[in-house]
Amino acid sequence: MKRAARWMGWVMFGALALLPLGCAKKQDSKPVASTGPRVGLVFDVGGRGDQSFNDSAWRGLQKAQAQLGADIANVVEPGEGSDRESALRGLAAKDLDLIFGVGFIFTDDIDRVAGDFPGKHFACIDYALKDGAAVPPNVLALKFKEEEGSFLVGALAAWLSKTHRLGFVGGMDIALIHKFAAGFQAGAKYADPNVNVIVKYAGVTGDAFKNPTKGKELALGMYSEGADIIFHASGATGQGVFEAAKDQKKLAIGVDSDQWRPEYDGVVLTSMIKNVDESVFQAVKAVKAGAWKGGVQELGLKENGVGYVYDAHNHRLIPAEIHDRLEALKARIISGEIKVPKE
Amino acid sequence: MSLRRLPQALAVPLLALGFSLLVGAVFVLAIGRDPVAVYAELLRGTLGSPYGVGQVLFKATPLIFTGLACALAFRAGLVNIGAEGQLYVGAFATAWAGFTFRGAPALVLAPACILAGALAGAAWGAVPGILKARFGSHEVINTIMLNFVAIALTGYMVSNVFVVPETVHTPEIAAAARLPRFEAFMPFFGGSPVNVSFLLALAAAAGYALLMNRTRLGYELRVVGHSAGAGEYAGIRTGPAVITAMALSGALAGMVGSNFVLGYKHYFEGGFSAGIGFMGLAVALLAQGSAVGVVLAALFFGMLSHGALVINTMVPKELVEILQATVIASVIVSSNVVQDYARRRARERTAAGVTP
Amino acid sequence: MSSPAVELLDIHKSFSRVKANDGVNLAVARGEIHALVGENGAGKSTLMKILYGLYAPDRGEIRIDGKPARFRGPADALRAGLGMVHQHFMLVRPFTVVENMLLGREGVPPVLPMDRVAASREIRDLSGRYALDVEPGAVVEDLPVGVQQRAEILRVLLHGASILIFDEPTAVLTPQEATDFFRVLGGLRDQGKTILLITHKLDEVMQVADRVTVMRAGRVVGERAVRDTSPAELARLMVGRDVALGRVEGEAPAGAPVLEVRSLGVRDSRRIARVNSVSFQVRAGEIVGIAGVEGNGQTELVEAIAGLREVEAGTIHMDGRDVTGSRVAQRQRSGLVHVPEDRQRRGLVLEMSLAENLLLGRQRESEFSGRVLLRAEPILRMARRLSEEFDVRPRDVSLKTRDFSGGNQQKIVVARELGRAPRLIVASQPTRGVDIGAIEFIHARLREARDQGVAVLLVSADLREVMSLSDRILVMYGGRVVGEVPGRDAREDRLGTLMLGGAA
C-alpha cells in the first residue's frame, strides 16, 4: 500500500511538472490555411451523428469549407442544456464571422448571446418565433416549411398504398413535429380521401429522438395494424422504423436528409429532405460575399428548403406516372394554389 | 488531528488529478493533438477569467445540491440514485409556482418557489423511502424507476399542459421570482449566469453540516446508516428514519431548480439536466459525507464540466468525456487508496494504543 | 539438549510512541503446548504477528529450530513450517472443504481441473490421523463452527505446518466444542506438533498447556510449567495484583418483581419457534442467571424482553405494567437497559466515536438533547466520566469505537448501559472477549447494581460466570426453562446435565 501511494506520488509529480511548461509555451494552434470566413457551430446535446438534422448542418459546413475556403474548426458539442449558451458565448468571444446554433432549442440562448455581442453574426436553424417579439438584428432565423415537404411524401404514400393505411412516427410530441404530421396527413387525404393515417409519438422528452427501440416497436405495431408505408420524423429513433420496415418487407419514408442506405435498399421509399446543409452553406456564402442579413428566412418548396428524394436508388419504387403527378402537385404548392396546413 | 489530516485531504485530489492528466494526455496524443495546449486551454477557460470562474460556480451550484442530497442519503445508509428525478420534479414545481402566483411580491415569491421545489423533491424522494420502510423494496431500484417517471412526467407537462408553442419549456416565471445574477452587483462576471442560488447552495451545505453533526435527527440518521441493528437497539425506529432521510435528500435535490429556473432561464425546460443527479453520487463519494467536501468536490466537477466545453473545439466530445470519466474515477479510487492507507496507519497505532 | 522449535529473542516493536513489545523473549520446545497469556493489549497479538511475518520487529531475532529466520510475510512463515489458525477462519464459506484445501496450494495449476479425488483421500488420511473428523465434500458454511475450525486446522496441516499458532481459538466455540478442541490439541502434540496457544482464559491454560508465558504491558512477566502454577498466580501475574472472581452473596433479600415473563413464545427471523411458554420473574435486588448451551432460545428471549423481537404468545410485565407491545424507547424510559450479546452488530456503531456510542439510546434524554440540537457539552462530560469510571482505554472520546480492542469495546457497551441508573439490567454475555481485570470489574458493577435494588437478568454461555453471579439460575434447553437452581448450591455437573436436556 505504501509502495502504491509512493508510486502514484511520482506519477502526479511528473504530470504536474509538465503543466507549467505547457502554460509557458505559446499556444501552438496550427495556422489554418483558409481565406474564407471563419464559422462556428454548436450542435444540439447528443445531436452529432444523428444521420439526420445535425449531420446535415455539418455537411453544409464541410461544403462551405470545400467551396468557399471557410474555417470550420470551431465546432462544439455541449454536454447538457445549460451548456448551449455557454458554448455560444465561448465561440462569440473568438474571432468568428458567423455562429450557428442547430435546433429550435437554441432560440433563447442565441437571443441572449446576440444581445451581449451585437457586433457578431448568428444563425439559428429552426428558430422559434415568439409572439410579438422581433428577431434580434444580428440573428438569422432559418425556418423550414416542413409541412410542404411532408404534404408531398404524404400524397406519394397514399397513391402507392395498397391497404389505404399509412403510419406516422414522430419523435418528441411537440409543435415542431406536429407540422410534419399535419402536412403528411393533409397530403395523404388530398391524394386519397379514404386513407387512414395512424399517428404516434415516441415520447415527451428529448430522448424521444434517440430511441430506435421505441421507433421499431411503434412501427411494428402500425404495420401489424395494416399500414404499409410509414413516415418518420424522429431523428435517430427512425432507425428503428427502418429496421421494422425491413423485417416486415414494408416501406418507410425518411426525414431531414436522404436516409437511403445500401442495407435499406428497397425499404426507404423516399426521404422528406430538409436542406439544412444548403441553408447553412448559403448563409456562409452570404457572409463571404458581404451580403449577410439578419431576420427570418422561411424556406419551403419554392426556395428549395424542403423536398423529396427521387434518384437512382428509388426510382424503381416510384412509377414514372406517379412521379409526374407528384411534380405537378409540387408546382401547385409553389404557385400557392394549394395551402398546406401547419397543424 | 485536523492538521494531521490536511496533507491527506490534499493528497487525494492531487494524486488523482496527476494520474488522470497523464491518462488523458495519452489519448490526446493519440489523436495527434498537443496535450499541454489542451490542458492550458482548459485552465485558461475555467480559472483564467472572471467569466470562466463564474461558469465554474454556476456549474457547481446544482452539484452542491445533488451532492448534499446523495451524501445525506449515504450517511443514513441509503443509496439515492433518484436525485435526477427529484431535481426534475423540484425544478418543475419551482417554475410552476413562479408562473402561477404572478401577483406575489418578490420577498414572498422567490422563497415560495424554492420551497415548492424542495417540497416536490421531498415528496418524490419520500416515495421510495416509504416503499422501503413499508415493504422492504430496495431504494436503488425504486429511485431509478422514479427517475424515468419524473423525466417523462415533466416532459409531458411541458409539451401538453403548460405549452409554449415551438418550445420545450414552460411559460416564464414572474419577474418577482427571479434570483439576481452575480453580474448585477459584480459586473466582472459579465455574461455568466452564476446567481444568488450559489449562496443558497452554500447555505444548504452549512445547514446539512449542522443537521448531521449537531442535531438529534442527524445523529439518529447516522446511527441507522452505520448499523440498523444498533439503531433499533437504541430505540430508533428504522422506518421513519428511512423515510425522513429520503425526503430530506429529495428536498435538497429539489432545490436545483433555484439555479436553472430562478437564476438562469426563468422557465423549466425539458431535458435541462443531463445527469446532474448522478454526478451528485460522485460528488458525495468523493466528499465522504462532509459538507465542505461536497462544496469542494462540486467546484472541482464544475470546473471539469465547464472545462470540457472549453476544450471541445480542440478535441472531440468523446475524448472530453473520457477525460472527465478518468478524472472522476481516479479521484474516487485514489481517495479510497489514501484513506485505506491512513486507516491502516491509524489501526497500527491504536493496535498498541491500549498499552500504556 | 536440542534447540527450541521457536525462539524469540529480545523482540522490540513500537507504534508511534507506544511500545507494544519491549524486549520480549519466548522459547517453545518441540512437541509442547505452550500458552501465551496476557490481558487485552499486553502485546500478545503483536508478538504473534511479528512471528508470523505480518510486522517487522524494530529489533530482535526469530529462530526456528535454532536457525535465525526472517519472514517477509505469512508465505515465508508457512514455508518454514509455521501455520496460524486465525480467530476468524480464512475459509471461503460457499466452497466445500476440499475446494478450500486446494485453494492457494502450491503446485496446483490455476486452470486445470483440480484432482478432488486425490485431495479428498489426503484429507481423510490426515483427518483420521489427528482425529479431526471433517467430511471433505461438505460445504463450509453448512458446518458448525467447531467443525469449521477443524477444517481450518486441516488446511494449515496440509500446507505442511509443524508449528501451529492458535489465536483465541475457543472464543467462538460452545463449551462442548471447546472440550472436543482440547482433545484435538492433545492429539496434535502427541503426533509431534508444536503448539502455541494465545488466550486469556486461565482455565484453558490449566487444562491443556504444558508451559505458559505471561505478558503484561509489552513485557514477559513470568514463565511457568503449568503443573507448578495456579490460576491465582497466573491472574496475579497478568493483572499485576490479586484478582477475586469468587462468589459474593447479596446484602439484602430480593424485593418486588421488576420483570415478569408469562408463558412467552417467540419465533426467530425464519419463523421457527425458539422460545416456548417460558415464565419467570426477576425481582428487585436479585441476579437471575440463565444458563444453557448457546442456541437454545436465549438470544430470542433476550431480544423479546428488550423489545427488539416480536412476541408470539404470552406477556412481559415491567413493574407490573404490560410492556409486551411497547417500543424499545418506551421500555428504555421505564428503566430497562440491555447489554446485547453481539456488541459489533447491535451494541456499537463502529464507525462512530466513543462519545457518540455512549450516547446511543439516550439521545432523547433532555440532559443530552434539546428539541432539535444535541447538547455537546453534557455529552462530552458524560463520555469522559464514563470512560474514566469504566477504565476504557485509550481514553479518547473522539476515537471511533472500531479502533478500540474487543475488550474495551465491551467495556464501552457496559459503561453506557450500567451508567444509566437502570431498574432492570438484561445482560447478555457481558464479559465475552474481555480480560480478567475487566471481568472482575464488570462483575463487581453487576453486583453493586443488585445491591442497590436493581433487577438483573444475566445470560451467559460461561457457566462459571453464571454460577459466581446469580442468586437463582434458570437452565434453558430447547426453548424452555427446564430447571431452576439456587445460585448458592449450584453444581457444575448438575447444571451441565440440565443444559444437555437431561433430567434434573
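**Reading a predicted three-chain model**

Chain A and chain C do not touch, and their nearest C-alpha atoms lie 14 Å apart. The model is a predicted one.

Biologist: Which two chains share the most contacts?

Modeller: Two residues count as in contact if their C-beta atoms, placed from the backbone, lie within 7 Å. Two pairs of chains are in contact here, and chains A and B share the most contacts.

Biologist: How many residues of chain B are in contact with chain C?

Modeller: The size of an interface is often expressed as the accessible area lost when the parts come together. Here we can count residues instead: 26 residues of chain B are in contact with 37 residues of chain C.

Biologist: Which helices of chain B each supply at least two residues of the side that touches chain C?

Modeller: They are helix H8 (216–226), helix H9 (228–233) and helix H14 (317–351) of chain B. By class, this side of chain B has ten nonpolar, eight polar and eight charged residues.

Biologist: How should I read the fold of chain B, and how many helices and strands does it have?

Modeller: Begin with the elements: chain B has 14 helices and zero strands. Then consider its extent, for the C-alpha trace of chain B spans about 75 × 60 × 35 Å along its principal axes.

Biologist: What does the radius of gyration of chain B tell us?

Modeller: One compares the value with that of a compact globule. With 356 residues, such a globule would have a radius of gyration near 21 Å, and chain B has 21 Å, so the two agree. Buried residues make up 61% of the 356 residues in chain B. Of the contacts in chain B with a separation of 6 or more, 78% are between residues 24 or more positions apart.

Biologist: What is the order of the strands in the open sheet of chain C?

Modeller: A sheet is read strand by strand. This open sheet of six strands in chain C has the order E16-E17-E18-E13-E19-E20, with mixed pairing. Its edge strands are E16 (336–339) and E20 (480–486) of chain C, each of which pairs on one side only. The twist averages 20 degrees from one strand to the next.

Biologist: Do strands E13 and E19 of chain C pair in the parallel or the antiparallel sense, and over how many bridges?

Modeller: Strand E13 (residues 287–291) and strand E19 (residues 472–477) of chain C pair in the parallel sense over four bridges. For example, the bridge partner of C:Ala291 in E19(C) is C:Val475.

Biologist: Which strands of chain C does helix H15 lie across?

Modeller: Helix H15 (residues 436–451) of chain C lies across E13, E17 and E18 of chain C, running at about 145 degrees to E18(C).

Notes: Residues are numbered from 1 along each chain as its sequence is written. Chains are lettered from A and ligands numbered from 1 in the order in which they are written. This is a predicted model: local features need pLDDT of at least 70, side-chain atom pairs count only at pLDDT 80 or more; totals for chains, interfaces and linings use all residues. Two strands pair if DSSP finds at least two bridges between them. Axes are lines fitted to C-alpha atoms, for helices over the stretch in contact, and angles run from 0 to 180 degrees between N-to-C directions. Ala, Val, Leu, Ile, Met, Phe, Trp, Tyr, Cys and Pro count as nonpolar, Asp, Glu, Lys and Arg as charged, and the others, Gly among them, as polar. The radius of gyration is taken over C-alpha atoms; the globule rule is 2.2 Å times the number of residues to the power 0.38. A residue is buried if 20 or more other C-beta atoms lie within 10 Å of its own, exposed if 12 or fewer, and partly exposed in between; C-beta atoms are placed from the backbone.
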